[in-house]
Amino acid sequence: MTTALTLLAADAELAEPVAAGWQLVVAALAGIAVIVILITLLKLHPFLALIFGALTVGLVAGVNIADVLDSFADGFGSTAAGVGILIALGAMFAKLLADSGGADEIVDTIVGHASPRALPWAMALVGSIIGLPMFFEIGLVLLMPVIYLVAKRSGLSLITVGIPALAGLSAMHGLVPPHPGPLTAIEYLGADLGMTLALGVAVAIPTVIVAGPLFGKLAGRWVVLDVPDRFDADDFDGNGSGKGAAAGEVGDGAQTLTATEAGLRTERRRPSFGITMFSVLLPVGLMMGKALVDIFIDDESNLVRQTFDILGRPLMALLIAVIVGIVTLGKSSGMTRDQITKCIESSLPPVAGIILIVAAGGGFKQVLVDTGIGTKLAEWATAANVSVILLAWVLAVLIRLATGSATVATITASSLMLGLVEGMSAGEVSLVVLAVGAGSVFFSHVNDAGFWLVKEYFGMSVGQTIKSWSLMETVLSVTGLVFVLLLGLFI
């Protein structure tokens with residue numbers, strides 16, 4: 001069945017170059033340079049930087065400003081209508097999971113059954129599960145008290161315990177929908193969401209193992225830290241005393257979590273581990289189910305296929321997850337109707353900025369598409385016999401290093417890859433999406449808000465943060481690329 005995403009990609013492939021190839025390349029580089037300078041030097045919000053970047057592309061390419069504005073508006077609107085809705089639904093579900101105590105139940109159940117030797121592996125599993133529905137910053141805030149507590153009680157290095165959890169969170173954020181980055185790349189490139197989800201999980205699992213427990217063991221020897229006293233660990237052991245200091249605000253619109261709130265959640269009746277896991281994995285199962293049904297059932301009139309064609313769509317899957325979560329997470333934890341309403345309402349303001357950035361990225365993408373730069377790049381890449389997957393990763397890495405933003409890296413790299421995926425199979429396009437995702441998390445450093453968030457929570461110096469967090473992100477990115485390339489041998 002032809003989807004709107006497929007049509008979007010098909011339309012993009014028809015764009016004819018509006019100028020000579022060298023001029024289009026200069027236009028694209030100028031637009032990217034403007035975005036980088038505005039974000040890194042002038043500290044302008046990425047939303048505005050992307051608008052100015054789009055205008056720069058149009059001006060250098062010789063496109064009428066009115067046409068540039070029309071292209072930007074079209075791209076902004078289509079992206080907001082597609083990805084924006086999914087980000088909002090994902091934020092609602094994540095807030096329900098956090099406020100109901102479901103996230104705490106996952107953490108306590110998995111960590112509580114792990115031996116000291118298995119704790120880093122358990123933390124990687126916790127980070128991956130919590131990272132499925134939650135943004136990186138929110139997951140980090142939720143897990144930091146647990147990381148402190150586990151490190152204190154086990155006697156293990158804070159880095160040995162913490163790096164695996166961070167690897168799980170970061171891998172899910174970069175590789176697995178319904179996170180904004182993968183979703184954006186899927187929409188831009190017309191990839192199949194269910195297949196990308198399945199392949200993303202297949203890549204994420206070994207990647208987390210390498211960048212998490214295995215690298216964390218080495219990093220724990222390089223960076224030796226005492227557990228910071230920011231939290232009193234006993235406040236998070238399930239007694240609900242809530243005496244610790246506030247965690248404070250975190251960047252990129254993430255929600256605030258305080259020791260008092262954590263204590264209140266532990267006093268509230270938590271949903272069971274089984275119910276919580278069912279709620280978390282429900283949208284994942286629906287989307288993967290649609291992909292499997294599409295593969296094994298060719299008859300479009302088949303009732304099972306028609307059912308999954310509806311239930312497995314991202315919007316429907318996440319909408320079902322939110323509705324089910326209201327009952328399985330909210331009601332089962334004893335939350336009143338007013339509390340549930342307030343919980344859902346409070347989930348939206350923190351992600352408003354993310355939605356605007358992603359939508360503005362859609363406008364920037366559309367301007368690039370309409371100039372025909374993707375068509376030219378595709379012609380050159382074909383002539384030079386360059387691996388599309390490797391090229392996608394390199395582009396994302398370069399933009400990530402320059403801007404510090406995984407979202408901007410994903411948006412820009414995906415935009416430049418549009419013409420190159422023409423004629424590729426669904427599986428190959430999904431691998432290009434994953435290559436972009438892997439490149440977008442490469443070497444987080446001082447221009448990345450996540451760098452400073454990790455530095456402050458772990459109480460590290462800049463050098464220690466680079467030797468642990470930054471190197472972990474690099475290992476994760478390179479390992480992800482390696483497994484994507486290995487899958488490419490069979491797809």
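## A buried threonine

T412 is buried, because its relative accessible area is 2%, and the cut-off for buried is under 20%. The model described here is predicted. T412 belongs to helix 19, which spans residues 406–416. Apart from neighbours within four places in sequence, the contacts of T412 are I32, F364 and I399.

Helix 15 covers residues 337–347, and its buried residues include I340, C343, I344 and S347. Viewed down the helix axis, the buried residues of helix 15 fall within an arc of 90°, so they line one face of the helix. An α-helix has 3.6 residues a turn, so residues three or four places apart point the same way.

The exposed residues D338, K342 and E345 lie on the face of helix 15 turned away from the buried side. The buried residues of helix 15 are covered by elements including helix 4 (65–99), helix 14 (314–330) and helix 16 (349–371).

## The second largest cavity

The model has five cavities of 30 Å³ or more. The second largest cavity holds about 90 Å³ of space. Its lining consists of G90, F93, L132, P133, P178, V280, P283, V284, M287, L318 and A321. Helix 4, helix 12 (273–296) and helix 14 are the elements that each give two or more residues to this lining. Helix 12 provides the largest share, four residues.

In terms of residue class, the lining of the second largest cavity has 10 nonpolar residues, one polar residue and no charged residues.

How values were computed: Residues are numbered from 1 along each chain as its sequence is written. This is a predicted model: local features need pLDDT of at least 70, side-chain atom pairs count only at pLDDT 80 or more; totals for chains, interfaces and linings use all residues. Side-chain values use heavy atoms; hydrogens and water are left out. Buried means under 20% relative accessible area, exposed over 50%, partly exposed in between (1.4 Å probe, protein chains only). Contact means heavy atoms within 4.5 Å. The arc is that of the directions from the helix axis to the C-beta atoms. On a 1 Å grid over the protein atoms alone, a cavity is a set of points where a 1.4 Å probe fits but cannot get out, and a pocket is an open set with protein on both sides within 12 Å along at least five of seven lines; lining residues have an atom within 4 Å of a point. Grid points are joined across faces, edges and corners, and a volume is the space filled by probe spheres set on the points. Ala, Val, Leu, Ile, Met, Phe, Trp, Tyr, Cys and Pro count as nonpolar, Asp, Glu, Lys and Arg as charged, and the others, Gly among them, as polar.
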